[in-house]
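Subject: Structure handover

Hi there,

Here is the structure I promised to pass on to you. Please open it next to this email, and then read on for what turned up.

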Amino acid sequence: MGIFRRKRPAAVAREVVRDHTYDDAILDIAAEEMDAGHLRAATTVLAECRDEPELRALRVEVLGEHAIGHADELLELAKANTDPDLWLLAGTAFIREAWAIRGSGRADSVGKDRFKVFFGTLRKAVGPLHEAAKLLPRDAVPWSQLQTAGLGLQVDRDQKDEVWREVVARCPSLYPAHWTRLQILAAKWGGSAEEMMAFAHGSVDASPPGDPVVAMLPLAHFEVFLEQFEEAVQARSALKVATLKLRYFSRVRDEIAQAADRWEAAPARAHPRSLQAHNLFAAAFALADDAPRARRHLIGMRDHVHDVPWAYVAYLADDLEKEYSELANKYLDA
């Protein structure tokens with residue numbers, strides 16, 4: 001990979017926060033309690049947001065991560081109760097355990113034995129999530145988690161579409177469900193760039209003003225960018241790599257700007273995914289060299305770095321945080 005590296009001035013290191021792109025102090029306390037072996041706070045914070053699907057989806061995601069290694073115990077507890085939050089948490093924990101087993105690499109980097117354990121663990125999530133959905137029929141979050149399970153289990157497209165319809169019927173703009181649906185439609189999961197991009201544009205068109213779900217558009221472009229970047233690397237074409245970084249987002253800047261404007265068209269309101277959305281827009285505008293917009297979204301993300309898209313931007317780098325710092329400093333120090 002040495003031919004792709006270049007000498008450059010060292011970036012001033014920023015105080016980067018990783019794996020924490022949300023503002024929810026109560027959730028952090030519940031996660032700490034889970035790490036200490038106490039479950040009550042977790043079920044309490046899930047129960048109090050049953051009518052707030054965006055917040056509920058975030059909380060179960062984070063708590064599911066802290067429950068890795070304890071999914072079977074949660075399932076046994078759920079079986080002894082009629083608590084939908086326990087069933088939801090158990091199902092999500094199985095999903096998180098399964099993806100921890102699989103890893104984040106492409107399918108061809110995962111061995112046969114590991115795939116076997118991955119599928120077996122992921123299948124355990126399905127029953128608990130259906131039970132959670134049955135206990136709270138209006139809750140979109142179990143269906144959103146089932147969508148993630150279906151992606152990993154490689155269920156047929158009809159089943160994926162059916163689950164998507166269940167999500168949309170309950171919460172039409174649920175951010176993490178849109179994220180997963182976009183992945184389902186991406187070429188790397190058997191879809192196509194055209195279908196994925198059409199979905200991203202449709203998400204922007206259907207979004208309520210002020211909703212960060214419009215970030216699906218830069219996300220879709222980063223998926224295309226990554227695919228082309230990987231092809232250039234495999235072809236060992238330093239020119240193509242450099243050209244992509246310099247030109248890809250400049251070409252699509254205007255349509256991404258329209259999406260960002262739609263988010264900003266309504267008075268700012270708290271949304272659990274705002275920091276994630278700022279990450280996507282900040283990286284896109286920085287690569288497009290749109291200084292005012294890049295600065296605005298970099299300020300918005302407050303150095304809370306989400307791996308997507310920054311791992312894509314730093315694809316050839318040894319240090320994601322250093323790459324982020326270099327790009328961010330260019331616009332924040334201006």
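Below are notes on confidence, the nonpolar core, the aromatic pairs, the salt bridges and some backbone details.

First, the ground rules. This is a predicted model, in which local features need pLDDT of at least 70 and side-chain atom pairs count only at pLDDT 80 or more, while totals for chains, interfaces and linings use all residues. Residues are numbered from 1 along each chain as its sequence is written, and side-chain values use heavy atoms, with hydrogens and water left out.

**Confidence**

The protein chain has a mean pLDDT of 92 (pLDDT is the predictor's confidence in each residue, from 0 to 100). Of its residues, 93% reach 70 or more.

**The core**

In soluble globular proteins, nonpolar side chains tend to be buried together. Here the largest nonpolar core has 107 residues. Such a core is a set of buried Ala, Val, Leu, Ile, Met, Phe, Trp, Tyr and Cys residues joined through side-chain atoms within 4.5 Å; buried means under 20% relative accessible area, exposed over 50%, and partly exposed in between, with a 1.4 Å probe and protein chains only. The residues with the most contacts inside this core are Leu 63, Phe 222, Phe 249, Phe 281, Leu 298 and Trp 310. Helix 11 supplies the largest share of the core, with 11 residues (helices, H or I with at least four residues, and strands, E with at least two, are DSSP runs numbered from the N terminus).

What does Phe 249 touch, leaving aside its neighbours within four places in sequence? Its contacts are His 221, Phe 222, Phe 225, Ile 256, Ala 284, Leu 287 and Ala 288.

**Aromatic pairs**

There are 15 aromatic pairs in the structure. Rings of Phe, Tyr and Trp (its six-membered ring) pair if their centres lie within 6.5 Å; planes under 30 degrees apart count as stacked, over 60 as edge-to-face and the rest as tilted. Phe 225 and Phe 249 make a tilted pair, 5.5 Å centre to centre with 50° between the planes. This pair links distant parts of the chain, with Phe 225 in helix 11 (residues 216-234) and Phe 249 in helix 12 (residues 238-251), 24 residues apart. Both Phe 225 and Phe 249 are buried.

Trp 310 and Tyr 324 pair edge-to-face, at 4.9 Å centre to centre and 80° between the planes. Trp 310 is in helix 16 (residues 307-313) and Tyr 324 in helix 17 (residues 320-332), so the pair ties together parts 14 residues apart in sequence. Trp 310 and Tyr 324 are buried too.

Ring pairs also join Phe 222, Phe 225, Phe 229, Tyr 248, Phe 249 and Tyr 315 into a cluster.

**Salt bridges**

The structure holds 27 salt bridges, each being a side-chain nitrogen of Lys or Arg within 4 Å of a carboxyl oxygen of Asp or Glu. Three of them:

- Arg 302 and Asp 23 meet at 2.9 Å, N to O. Arg 302 sits in the loop between helix 15 (291-301) and strand 2 (304-305), and Asp 23 in the loop between strand 1 (17-18) and helix 1 (25-35), 279 residues apart. Arg 302 is partly exposed at 41% relative accessibility, and Asp 23 is exposed at 57%.
- Glu 195 and Arg 157 meet at 2.6 Å, N to O. With Glu 195 in helix 10 (residues 193-206) and Arg 157 in helix 8 (residues 157-170), the pair ties together parts 38 residues apart in sequence. Glu 195 is partly exposed at 30%, as is Arg 157 at 33%.
- Lys 79 and Glu 76 have their closest N and O atoms 3.6 Å apart. They are 3 residues apart in helix 4 (residues 71-79), and therefore about one helical turn separates them.

**Backbone details**

Val 308 and Pro 309 are joined by a cis peptide bond, with omega about 25°; Pro 309 belongs to helix 16. Asp 19 is not a glycine, yet has a positive phi of about 60°. Asp 19 is in the loop between strand 1 and helix 1 and is exposed at 66% relative accessibility. Arg 236, in the loop between helix 11 and helix 12, also has a positive phi, near 55°.

Best wishes

Notes: Contact means heavy atoms within 4.5 Å.
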